[in-house]
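Subject: Structure handover

Hello,

I am passing on the structure we spoke about, followed by notes on what was found in it. Please look it over before reading on.

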Amino acid sequence: MFISMLCCSSRLIYFGGYGHKVLADITSRSRNFIPDETSWVDDLFWGWNNEVHVFDPVKGSWAEPQTHGRPPAPRAAHAGATLGRRGYVCGGRVMETRTNDLHSLDLESWTWTEIVPSSAAPVGRSWHTVTAVSESTMFLFGGLSVDCRPMSDGWLFDVETKKWREFEHPYQDKPRLWHTACGGRDSDVVVFGGSCDYILLVDTGHCNDALVFQMQPHPLFR
């Protein structure tokens, strides 16, 4: 649960998440799994991982490719997007830490690279979304901050310049976490659902309005 999924050609690529393993698996693959010391029963441990798994919907089969480079630390509640032949993983939570780091995975060579921004970056968060809006740009929205505050800020990241830029929008009074987002026409991003509260402490109701973020001027024929 709390994984991120990347779509590439006819494959679905899953990274990380929060789940359980038996003690024998933790011993043999400890670098890929951080146990949650508050959640274990007998030899069954819950925790965070940084594994990559690939599902082929045509063959109906799973595979675990061998990756290269330094992978992101185990995490859950992160966000991911695919631009070209690369997948990107942003932020997420491990134990009580919420990060703002950014990593790319070459989906042909299966090589990880950490991206060091050349500008100020958004604060660490979890339960946010990242959506591709062009061949070189992705849009981050919302999430839960390091101090457990629901967020409503939007950011654009350019993978070529490695710069973050805060995006002005009319939904500053509509924080969202655990929501979904997808690309629409003319590079619009549509956000739906989620919650405006820290749902582990209070939940006054899930959101049912759709927020449309206009990334660029619409063409006249639209």
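A cavity here is a set of grid points where a 1.4 Å probe fits but cannot get out, with the grid laid over the protein atoms alone. Please keep in mind that this is a predicted model.

Cavity

By that definition, the structure has 1 cavity of 30 Å³ or more. The largest cavity holds about 40 Å³ of space. Two elements, β7 (86-94) and β8 (97-106), each give two or more residues to its lining. The residues that line the largest cavity are C90, G91, T99, N100, P122, V123, R125, H128, L140 and W164. Sorted by class, this lining is made up of 5 nonpolar, 4 polar and 1 charged residues.

Sheet

Which strands form the open sheet, and in what order? There are 3 strands, in the order β15-β16-β17, and their pairing is antiparallel. At the edges are β15 (180-183) and β17 (210-213), each of which pairs on one side only. From one strand to the next, the twist averages 20°.

As for the pairing of β15 with β16 (residues 189-192), the two strands run antiparallel and are joined by 4 bridges.

Regards

Definitions and conventions. Residues are numbered from 1 along each chain as its sequence is written. This is a predicted model: local features need pLDDT of at least 70, side-chain atom pairs count only at pLDDT 80 or more; totals for chains, interfaces and linings use all residues. Side-chain values use heavy atoms; hydrogens and water are left out. On a 1 Å grid over the protein atoms alone, a cavity is a set of points where a 1.4 Å probe fits but cannot get out, and a pocket is an open set with protein on both sides within 12 Å along at least five of seven lines; lining residues have an atom within 4 Å of a point. Grid points are joined across faces, edges and corners, and a volume is the space filled by probe spheres set on the points. Ala, Val, Leu, Ile, Met, Phe, Trp, Tyr, Cys and Pro count as nonpolar, Asp, Glu, Lys and Arg as charged, and the others, Gly among them, as polar. Two strands pair if DSSP finds at least two bridges between them. Axes are lines fitted to C-alpha atoms, for helices over the stretch in contact, and angles run from 0 to 180 degrees between N-to-C directions.
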